[in-house]
Amino acid sequence: MIVAAAICAVAGGAFALNPVYFSSNELRNAPKFLFLAIGTSIALIDWMRSPHRIVRLGWFELSLAFYFAVGAMSCLLHDDNFTDSTTWLAVGGGTALLCLAINRRARTDERYQSILLQIVIAVALVLAAVAALEALGVSLPWVGTRRPHSTLGNRNHLGGYLAIVLPIALFRQLRRPSIFGGLAVFVTTTILILTRCRSAWLGLLVAAAVSGLVIYRLRNELLENYSFRAAIVRAGVPFLLAIGAATFVPWPGLHWKEDHPLLSSASRMFETEEGTTGRMRIDQHRIGAAIVAEHPFFGVGPRQWDDAAFAHAHIVPRNFVVPYYADITPQSDLLRVVAEKGILGLLAALAAVAALISELRRALRKRNDFALRLALLGSVTVFTIHALLDVPLFRPESLALIAVLAAVAHVPAPFVSLRISWTLRRVLLSVCIVGILAIAGLRALSAYVITAGKDSLAAEKEAVKFYPRIELVESYARMLVGEGQCKEAEPELKRILSWSPHRLAGFGLQYRCALISGDQAKAEELRFHMLELEPDLPDGLF
């Protein structure tokens, strides 16, 4: 059952999508979250069948428990949107349980470890193969951006995913060389380069430096047990061929502005000039620092970054409050965690990563399956660097991947043991399964209703009933106001402003309704509120 759970979570998270709304993160990813929930439920059902009553907890488990306790407290303190709170708990908590459930099987059985790693490599290979078809100009249902994004919706999402898997693919090719392994290294590396994802490239460079340092310190012993010449042939050749293919092979399906796009990306690895993504990340950290200063211990609540960022937008010169729904996360998992869960949440998350790295270091010192542990250390390093500059923990496919790799990497050193009765464990896990499936199911049902209804007003109305997240409510309210149905839109606009009191769209749509009804006094009052949020509000925006 654990293998089925991993396949469902990893493969479903990667390949399930809504191609009709490929540009919408929520509608595109709803099927991915559903498969992640199903895979998690299968793993928890397997856990329910275990006869063992003792649950042993180490630093990794305790850090995760503390992180979710801090997040739950943050929800109680700040989050008025029940949908956001339950979604965060179901997705994040479910993924943590998936990791622990898989680890329970994989930590003592090398067969499970091998199968899980093969699943991860195979999924990455298929993702890269689809991106290769895009790069070659093959017409696919969602093609339009002329970027290699496969089924993940964004080239940076794909680049980060492939970079995390690449150390594992290299390890498998070194351990058991095969045509499949060589092809996985070649195709994965080629597409990783073509994505031009600089955070992924940087993560791999840091991982290579860390791995090189470990190998250098143990070089004498390793020379006795490993053939570095064979390693170069097995993994180095497909890796170098991939670099040549990405650099010199024409890719008619891709379109870049620069004459030398790969060199351009490499030269802009640390850019911070005005108007660049580097500057954007710096500005987001300035806003994040202000949020943390105001809410230091528990943050502003899960999924509440956008409203807090609206409130502090003008800390950055020439920054504006966006009029309608925007991204609900900054381009950094580290920044998102500390802003939404505070310093306590950040310390708990860092403690979990540190515990995992410490376990891998301990295994390396004891020479326990040295090559595998080194590869896993490489993947964890890539993930850590990538998460500083992007948000892999915000995406279902990356969550599933990281859960499986962490499950294989985690070697518990428990110091707390709890005795839980078989009945109590079944009840607790059953509650988790029902909650996880309910949230993911309603989310997928909402997306299906919108898709089947072709964005009609009636479809939006039904979708909001199933899954009232703020982006869906805002979309529905905009459609109502556009149709002149301001009376019907009023309760939705009140909900928007109760969940996100600094959201310009909520005031703007109320302002339009006031103008439609001829209530000039209310219109002036609302315009005053909008100017408080955005002093440079353009005339005629609403």
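A salt bridge is counted here when a side-chain nitrogen of Lys or Arg lies within 4 Å of a carboxyl oxygen of Asp or Glu. In this predicted model, the rule gives a count of 17 salt bridges. One of them joins the side chains of Glu258 and Arg196, with an N to O distance of 3.2 Å. Because Glu258 sits in the loop between helix H10 (228-248) and helix H11 (261-267), and Arg196 in the loop between helix H7 (179-195) and helix H8 (198-217), the pair ties together parts 62 residues apart in sequence. Arg196 is buried, at 5% relative accessible area, whereas Glu258 is partly exposed, at 29%.

Glu258 also meets Arg268 in a salt bridge of 3.8 Å, N to O. Arg268 belongs to the loop between H11 and helix H12 (277-294), so this pairing connects parts 10 residues apart in sequence. Arg268 is partly exposed, with a relative accessible area of 25%. A network of salt bridges links Arg196, Arg198, Glu258, Arg268 and Glu271.

Elsewhere, Arg469 and Asp84 form a salt bridge at 3.4 Å, N to O. This pair links distant parts of the chain, 385 residues apart: Arg469 is in the loop between helix H18 (457-466) and helix H19 (470-482), and Asp84 is in helix H4 (residues 82-106). Arg469 is buried at 2% relative accessibility, and Asp84 is buried at 4%.

Technical notes
Residues are numbered from 1 along each chain as its sequence is written. This is a predicted model: local features need pLDDT of at least 70, side-chain atom pairs count only at pLDDT 80 or more; totals for chains, interfaces and linings use all residues. Side-chain values use heavy atoms; hydrogens and water are left out. Helices (H or I, at least four residues) and strands (E, at least two) are DSSP runs, numbered from the N terminus. Buried means under 20% relative accessible area, exposed over 50%, partly exposed in between (1.4 Å probe, protein chains only).
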